[in-house]
Amino acid sequence: MSKKLLLEKAHVEGIKHYDVYRREGGYKSVEKALKTLSPDTVVEEVKKSGLRGRGGAGFPTGMKWSFIAKPEGVPRHLVCNADESEPGTFKDRYLMEFLPHLLIEGLIVSSFALGSNDTYIYIRGEYAWIVDILEQAIEEAKTNGWLGKNILGTGFNCNIHVQRGAGAYICGEETALIESLEGKRGNPRIKPPFPAIKGLWERPTVVNNVETLAAIVPIINMGGEEYAKIGVGRSTGTKLISACGNINKPGVYEIDMTISVEEFIYSDEYCGGIANGKRLKACIPGGSSVPILPANLLLKTAKGETRYMNYESLSDGGFATGSMMGSGGFIVLDEDQCIVKHTYTLARFYHHESCGQCSPCREGTIWLDKLLYKLEHGQGKLSDIDLLWDVQRKIEGNTICPLGDAAAWPVAAAIRHFRDEFEWHVNNPKESQIKNFGLAHYANPIQPITA
Amino acid sequence: MAEGTPLLKVTIDNITVEVPAGTTILNAARKIGGDVAPPAMCYYSKLEGSGGKCRTCLVEVSKGSEKDPRPMPKLVASCRTTVMDGMEVKNITSSKVIDARQGVVEFLLINHPLDCPICDQAGECDLQDLSYEHGKEASRYEFEKRTFHKINLGDKIQLHMTRCILCYRCVFAAEQLTQQREHGVLDRGEHAEIATYIEKNLQHDFIGNVIDVCPVGALTDKTFRFKNRVWFTKPVDAHRNCTKCCGEVRLWMRGDEVFRVTARRDEWGEVKEASNGKTGWICNECRFDKKHVSDWVIEKPTHINRHSVISQGHYEKLQKPQEFLPDLMHREPRLIMDIHNVSEVNRTNIDLSEIKGPAHSTDFNK
């Protein structure tokens, strides 16, 4: 049983409400931080903890916080990114739905560390009922003196505002989120300047994921150094993984990043194996944007080592033979799934969600979508596979924001690892409409590469 | 440039130039000029916030600065990246840039109708120039292109979204020139469109300038649509006393007829500064209503780049390439073999009118 820091109390009756949450030891970190620590020490603790952003990029949070500009007389802001729209990711939803006070607590401590008197939660529009949960939690925190003016008599003021998005995936990108929060069209800004210098209303701003901010609570409670002892290497602490797809027990799991991918999929404590006795074909380990891996590369790295559920091990081998931790949206595909159809579904999603600001993404995503539609429906040519590769290559890295990369990577990885399935679709157009390529050799052990 | 501001050295395609701090790579490259300047479809120096969207001006930064010589990991948009001291930039000398730019041109063209033969912008279209210079000969896109209905923005401007490349220049122009938000973008992705909310008329005096900032034929002047091809008209600089704007314009004439009035543009296709130092935006009255030669004081023919198709009208005195041989050799240039002398066609003692029928070589042998 691995260590739980965030979801430990998730199943306590009535934990949604302030009284129960407080009785279970809630808001201790706020007391500790505001009364005994200075904002700089809080940042120092977070740095020591080695906490990495849980939204997808995995950037060290302490370092991000230390970048924030502190000009005289200009208010600073903390924004909580709850616009969780990545297909396959639903960990923040679970956290906010069951433990709203944990997020509020983390937000108060983080606001104190960053000097933000007005903190915003930008929540995905589709999470309409969670807005009510959060607002109720904020109200309860306010009546009990954890929010508002002069918190705990320390002279620190903090208010938390919840803002609903309007259903755009792109608003999860931090600068697009800021634009949307300002009431504008959610187009990503051109960086630099970074939000840490000029963010919300041209003020220094930090945008963090829900899980990152919730993780601040155990860090302050147990101390940064203690927190860093959990996990391995640079993957410290615990991570929420939202597992879905063809597994027996889909759901949100908290892992301490020391277990192997194989254990995560097959052990009864986590996913409980592949559903209906099927075999594993492929998996996307970190949300739809990260490269897909076939079974043989998922369980073992190209060097033949066991792959673990942490930042370093999942990205071992780069994009050629590895993937990314991403946001922790763990999507498992069994032998009955069609990779071409799956890639087409993702391409259609990115086509629909591209903001249309920069040309490679706007025009490239529709091209990917149309080409994959053709291939999936048995009208493709072999040259279309090469064309797909070339189009994704020209989108990647040439766009304003990471959405272009996110649209290109799944396509690139699918062609890289499953090219024979694409070719089968082209060469057997009729057959491909009624049956699947199946598992083929994707689970066969691969020859370890030794230098 | 303020006194005493230190100049930063930046090397673009192995040519070093000194620019004040805060200059973008694109503007530093424009200072050098020629092929070194990256193409720009969305950047417009007179519009705040423009740029960064079209990605045609991507360049490779092979050395970040003197202090931090690491190269930048990705190609950067030169119109929005400021120079650092000692920066080294590769534009046309980088194969990565050429490849990425070819990709961007292909992307821009996949949904562009390529209806140049019936487009009023043809001949002065930035996208046309861009695809000639940086594009490939053919597109690999085989699907149906997206289309939109034409929309009238008021009675003088027509918006044809099918041709639009979503550079947002007109959105910035409408926002910054008219001080009110009348004009924006609806929807997202490839079905995004420039729109005034529920096709509201644009009434402002300076809204006509959106036609000038449009790099393609998406926004056209309805008083000029289908009247003439731009290369048949001859541009002249002219001015009048206007109470609203600077009154300094370019007239596009054929004979004595004024077909079109636009703002004056500089070599980068942007509106020139007026003589009083302000930006040379012109008002709708000058643009749409003053279409008689008698309304204007004509100054001179406009100088047009000789690579432009517009210069084929030869309205300006033809600049003959200067002959340097007489100065060097002290004699007239001599052709190696003058066929006319050999064949004696040039013999003056034969009157062609006296020859019956077509002339033959035998006629000259007499």
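Let's start with how much of chain A is tucked away: buried residues make up 56% of its 451 residues. Keep in mind as you look around that this is a predicted model. Along its principal axes, the C-alpha trace spans about 75 × 45 × 45 Å.

Now for what the chain is built from. Chain A has 19 helices and 12 strands. Take the contacts in chain A with a separation of 6 or more: 72% of them are between residues 24 or more positions apart.

The chain is also divided into domain 1 (18-223), domain 2 (239-334) and domain 3 (339-434). The C-alpha centres of domain 1 and domain 2 of chain A lie 28 Å apart. Where these two domains touch, domain 1 of chain A gives 14 residues and domain 2 of chain A gives 16 residues. On the domain 1 side, the largest share, three residues, comes from H5(A). Sort that side by class and you get four nonpolar, five polar and five charged residues.

Let's zoom in on one helix, H7 of chain A, which covers residues 128-143. At 1.5 Å a residue, its 16 residues should span 22 Å, and its end C-alpha atoms are 23 Å apart, which agrees. Which residues of H7(A) are buried? They are Ile130(A), Leu134(A), Ala137(A), Ile138(A), Glu140(A) and Ala141(A). Look down the helix axis and these buried residues of H7(A) fall within an arc of 160°, so they line one face of the helix. Here's a handy bit of background: an α-helix has 3.6 residues a turn, so residues three or four places apart point the same way. On the other side of H7(A), you'll find Ala128(A), Trp129(A), Asp132(A), Glu139(A) and Thr143(A) exposed. And what covers the buried residues? The cover includes helices H1 (18-23), H5 (91-98) and H6 (100-114), along with strands E2 (116-123) and E4 (156-164), of chain A. Just after H7(A) comes Gly145(A), which takes a positive phi of about 80°.

Pro294(A) sits in strand E11 (residues 293-294) of chain A. Is Pro294(A) buried or exposed? It has 27 other C-beta atoms within 10 Å, so Pro294(A) is buried. Setting aside neighbours within four places in sequence, Pro294(A) is in contact with Ala282(A), His417(A), Phe418(A) and Tyr442(A).

Ser38(A) counts as exposed because it has 12 C-beta neighbours inside 10 Å. Its C-alpha atom and that of Ala302(A), 264 residues apart along the chain, are separated by 46 Å.

Finally, chain A has a partner. In the model, 22 residues of chain A are in contact with 26 residues of chain B. On the chain A side, the elements that give two or more residues are helix H15 (339-353), helix H16 (359-376) and helix H17 (382-395). The largest share, eight residues, comes from H16(A). By class, this side of chain A has eight nonpolar, nine polar and five charged residues.

Technical notes:
Residues numbered from 1 in each chain as written. Chains lettered and ligands numbered in written order. Predicted model: local features only at pLDDT ≥ 70, side-chain atom pairs only at ≥ 80, totals over all residues. Contact = placed C-beta atoms within 7 Å. Helix = DSSP H or I, 4+ residues; strand = E, 2+ residues; numbered from the N terminus. Nonpolar A, V, L, I, M, F, W, Y, C, P; charged D, E, K, R; others polar. Expected span 1.5 Å × (residues − 1). Buried ≥ 20, exposed ≤ 12 C-beta atoms within 10 Å, placed from the backbone. Arc of directions from axis to C-beta. Domains from an automatic or database assignment.
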